[in-house]
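This report sets out selected features of a structural model. The sequence and the structure are shown first.

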Amino acid sequence: MIEFVIPLADWINAIFEEVSFYLSPVLRSSSVLLESIIKQFENILIWPPEVVVMAIVGIIVWKLTNYRLAIFAVLGFLISYSIGVWEETMSTIALALSGTAVSLLFGIPLGIIASQSNVAERIIRPVLDFMQTLPSFVYLIPAVMFFGMGKVAALVATMIFAMPPAVRLTNLGIREVSKEMVEAAQAFGSSRWQTLIDIQLPLALPTIMAGVNQCIMMALAMTVIASMIGAGGLGMVVLRSMQTLDIGMGAVGGLSIVILAILLDRLTENISKKQKEQKNTH
Amino acid sequence: MAIIKVKNLYKIYGKHPDKALKMLEEGHSKEKILSDIGQTVGLNNISFEVEPGEAFVVMGLSGSGKSTLIRCLNRLIDPTSGSIIINGKDITKMTKKELNELRRQKISMVFQSFAVFPHKTVLENAAYGLKIMGISQGEREKKAYEALEMVGLKGWEDFLPSKLSGGMQQRVGLARALATEPEILLMDEAFSALDPLIRKEMQTELLELQENMKKTIIFITHDLDEALRIGDRIALMKEGEIVQVGTPEEIMMSPATDYVKKFVEDVDRSRVLTAEMIMKKPSTVVIYPKDGPRIALHRMEESGISSIFVIDKQNCLLGLVMAEDALHAIEKNEKSLEKIIRKDIPTVLPETLLKEMFSLLTGKNLPLAVVDDSHKFKGIVLRGTVMAKLAGGIASD
Ligand SMILES: Nc1ncnc2c1ncn2[C@@H]1O[C@H](COP(=O)(O)OP(=O)(O)OP(=O)(O)O)[C@@H](O)[C@H]1O
Ligand SMILES: [Mg+2]
């Protein structure tokens, strides 16, 4: 038997206590700000009459993609509304999209940095591996410690969970751009920056869009888990049904989440498809 | 003065270039260096100069270092040692910024696989170099239009490259390179991916452009026909070294090594050899009006020939006198050649191809006269020489 155990858990607890003691005033106040931004977003979706939201979403989806997906969107929302989880759905959309936005805000630039230097890639890669394999419950706890229960902790957890694919696929997309293209740009005297903006990023766009798609899907998945730390939304419905063994309620929440997932997935997929088509119609 | 001066250029691929350079110095071969220390010799002591307006062709088998060489000239590849002087400046010592300036202003490149940008329209592609130069949109589009018109792509400006055939895509590549009005054009197997007919067409167009614009062109190919057609001079590379540099004529007529000889052997001579390459100095001529029939007959007798070419004092060809006509004139006691000069003889220009001369020679046993544009007499082509060249003997001089 092992007599001596390295007290890793104790150490980490000690470190976190120290850090959170000094940092929490700062983090909590910034958390208040973030919370109000997400709340605002949520309110925009919840405040108008449901019909108006459905109509606007329908039109946006139609403009971005095609009428079939627009019909699906409106029908899906109608179902969510009629089974009584409208507010929760809006809240989930707000949180998932905020999480996606923050993930992309950091993920895409990080991916670009990783693509530009092998050293950067070697540093970023293991961090991403770590973020992706770490069971999410493990970082839910420190997130709550730093930011308190609520939407901001959920946002941070979402970022940890959803950012890696955005970073990876941005990096991959840029690195996959053929050497010929880069050489051609260089041969005309393009600087690194010009090559990146004018050649590499546009050519990497389909791959980057695949990363955005994955990022949205994972952000959505995280909102369910994050309901345990007070994220609210559809995840809360599912969580409550689990606690009360209310199978019917669980199905309602689950169905709404699935509808959202399909909608967001098709939406991003169709946007990138449409981009490609526009280019080819010349 | 030379526009490009390459001196003792080496390129070693691998982590230990110094060791490889040392082994080269000791006289080891490329294979030994690769097997012993795992370094690939890309270029081995290359030196040459290119004059402004010259079309300099680099030939060689696959892996002989052609692409490495041309990519060193705009430093897409950094050479290991040696100097490349362009317009008096050593580009191997340039900073990134100076280098980009050079690439924007002076040197353009055309790629084997076209490398046109698939997400940009034909017009945007052609304007790319100008955009990088920082030229305003209006002006760069104007210049791009002109460049596209020059390569025959008028009307295709708003299409994406994917809608164009290979030949047309390469024209876009050429327009993109020409739009910045560079002094030097680097073309790495620019026409190799095109089918033979389009390829010929592009060669012709390039020659025309070259005639009008007098660009300095470095052109890489492994097709001898193409090299002979385009090159003012040709360099032959083998295992990273230049084995011979010379005019097409020199390469064809006096290959320096067996490697070069192999290269020129399987070419279709009738489509490559020109009158200038195979003509000889006539053993003798007569000058009108100074010389009369008697002198003409005497000279024919001396050289053992049955006809003689007549030129004037300015060396312009007037015609041909046959031995029997000269004899008649002597019998009639005529003093001048005037009446017996045959003026309707076939002549060829120095650049006339062997296959065209062949048809002129059939049936008659007279030599062909080679004259230039201003009718100056350059030399003669004998029927026997034409036949021998067609049969493939190079050393039949
Ligand atoms: N990036 C590289 N790393 C290592 N070795 C290289 C690299 N590029 C070229 N080489 C080697 O250098 C030598 C010259 O290659 P290069 O591409 O210049 O030949 P080439 O004459 O252009 O051939 P081809 O006709 O096939 O285009 C070859 O032996 C090749 O394997
Ligand atoms: Mg090559």
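The text below treats one chain as a whole, then a ligand site, and then local features of the other chain's fold. The model is a predicted one.

**Chain A**

The secondary structure of chain A consists of 11 helices and zero strands. The C-alpha trace of chain A spans about 65 × 60 × 40 Å along its principal axes. Of the 282 residues in chain A, 45% are buried. Among the contacts in chain A with a separation of 6 or more, 80% are made by residues 24 or more positions apart. Chain A has an accessible surface of about 15,000 Å², and carbon and sulfur atoms contribute 72% of that surface.

**The site of ligand 1**

Ligand 1 is surrounded by 13 residues, and the closest are S62(B), G63(B), K66(B), S67(B) and T68(B). By class, this shell comprises two nonpolar, eight polar and three charged residues. Helix 3 of chain B, residues 66-73, supplies the largest share of the shell, namely three residues.

**Helix 16 of chain B**

Helix 16 of chain B covers residues 354-361, and L354(B), M357(B) and L361(B) are buried in it. Seen down the helix axis, the buried residues of helix 16 of chain B fall within an arc of 55°, so they line one face of the helix. An α-helix has 3.6 residues a turn, so residues three or four places apart point the same way.

**Loops of chain B**

K214(B) has a positive phi of about 55° although it is not a glycine. This residue, K214(B), is placed in the loop between helix 9 (196-213) and strand 8 (216-220) of chain B. Because its relative accessibility is 52%, and the cut-off for exposed is over 50%, K214(B) counts as exposed.

H375(B) is likewise a residue other than glycine with a positive phi, here near 65°. The loop that holds H375(B) runs between strand 15 (368-371) and strand 16 (377-381) of chain B. With a relative accessible area of 38%, H375(B) is partly exposed.

The peptide bond from Y288(B) to P289(B) is cis, with omega near 0°. P289(B) lies in the loop between strand 11 (286-287) and helix 14 (293-303) of chain B.

Q314(B) is found in the loop between strand 12 (307-311) and strand 13 (317-322) of chain B. At 53% relative accessibility, Q314(B) counts as exposed. From C-alpha to C-alpha, Q314(B) and V41(B) are 55 Å apart in space, and in sequence they are 273 residues apart.

How values were computed. Residues numbered from 1 in each chain as written. Chains lettered and ligands numbered in written order. Predicted model: local features only at pLDDT ≥ 70, side-chain atom pairs only at ≥ 80, totals over all residues. Heavy atoms only, no water. Near = heavy atom within 4 Å. Helix = DSSP H or I, 4+ residues; strand = E, 2+ residues; numbered from the N terminus. Nonpolar A, V, L, I, M, F, W, Y, C, P; charged D, E, K, R; others polar. Buried < 20%, exposed > 50% of the residue type's maximum accessible area, 1.4 Å probe, protein only. Arc of directions from axis to C-beta. Contact = heavy atoms within 4.5 Å. Areas by Shrake-Rupley, 256 points an atom, 1.4 Å probe, with all protein chains shown as cover.
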